[in-house]
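This report describes a single protein model for a reader who has not seen it before.

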Amino acid sequence: MRFLREDQALKTMALLVGTPGDEKVSKAALKTWVVNAFRERKALALTLNDTKTAVNKLHQMVNVLFGIIIVVICLLILNIATSKFLVFISSQIVVVAFIFGNTCKTIFEAIIFLFVMHPFDVGDRCVIDGVQLIVEEMNILTTVFLKWDNEKVYFPNITLSTRAISNHYRSPDMCGFN
């Protein structure tokens with residue numbers, strides 16, 4: 001009460017003290033709070049790092065796509081590209097879309113799984129197909145899990161989107177709303 005306003009002091013005591021109404025913080029309660037805060041901070045840091053990596057890869061893919069579009073527009077503006085050239089380029093794009101269409105579909109579904117469904121974060125304890133796993137790393141196409149015996153298991157995100165996932169430890173929301 002000496003250092004905080006009354007409402008802040010009450011919230012802080014509610015976080016630290018095991019039973020309401022206590023006016024002192026026990027050593028065990030403080031230790032438990034510090035350990036939980038450390039675990040949540042570590043999980044948040046790992047999640048933000050993996051999210052940053054995935055967003056950077058997504059950013060690179062979008063940059064390449066827009067680079068190609070800008071080059072085509074520049075060729076049109078400078079009258080270098082004729083209609084025959086554009087027909088040739090569009091036929092090549094159709095061939096590339098036929099070849100890489102499934103890959104693009106897989107990448108799109110993986111992005112939807114990671115950023116929209118978002119069933120787990122790094123550090124969460126999940127059960128997939130009856131096996132308890134800890135999320136170690138999340139990438140755009142794959143997620144790396146750790147078994148109890150430190151065996152790393154790589155799952156494609158496209159297969160994870162069709163499986164039932166039980167999340168025993170859900171990391172706290174990152175938005176800050178309570």
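Helix H3 has a kink of about 60°, centred on Phe-100. The bend at a residue is the angle between axes fitted to the seven residues ending there and the seven starting there. Helices (H or I, at least four residues) and strands (E, at least two) are DSSP runs, numbered from the N terminus. Between its end C-alpha atoms H3 spans only 43 Å, while a straight helix of 35 residues would span 51 Å at 1.5 Å a residue; the expected span is 1.5 Å times one less than the number of residues. Just after H3, His-118 has a positive phi of about 45°.

This is a predicted model: local features need pLDDT of at least 70, side-chain atom pairs count only at pLDDT 80 or more, and totals for chains, interfaces and linings use all residues. Residues are numbered from 1 along each chain as its sequence is written, and side-chain values use heavy atoms, with hydrogens and water left out.

Buried residues of H3 include Ile-107, Ala-110 and Leu-114. Buried means under 20% relative accessible area, exposed over 50%, and partly exposed in between (1.4 Å probe, protein chains only).

The largest nonpolar core has 13 residues, and Phe-120, Phe-145, Phe-155 and Leu-160 have the most contacts inside it. Such a core is a set of buried Ala, Val, Leu, Ile, Met, Phe, Trp, Tyr and Cys residues joined through side-chain atoms within 4.5 Å. At least two residues of this core come from each of H3 (83-117), E1 (125-128), E2 (131-138) and E4 (152-156). E2 gives the most, with three residues.

Three aromatic pairs are counted. Rings of Phe, Tyr and Trp (its six-membered ring) pair if their centres lie within 6.5 Å; planes under 30 degrees apart count as stacked, over 60 as edge-to-face and the rest as tilted. Two of the pairs are edge-to-face:

| Pair | Centre to centre | Angle of planes |
|---|---|---|
| Phe-113 and Phe-120 | 6.0 Å | 65° |
| Phe-145 and Phe-155 | 5.5 Å | 80° |

Phe-145 lies in strand E3 (residues 142-146) and Phe-155 in strand E4, ten residues apart. Ring pairs link Phe-113, Phe-120, Phe-145 and Phe-155 into a cluster.

Asn-157 lies in helix H4 (residues 157-160) and is buried, at 0% relative accessibility.

Zero disulfides are counted, a disulfide being a pair of cysteine sulfur atoms within 2.5 Å. Cys-126 is buried at 0%, whereas Cys-74 is partly exposed at 39%.
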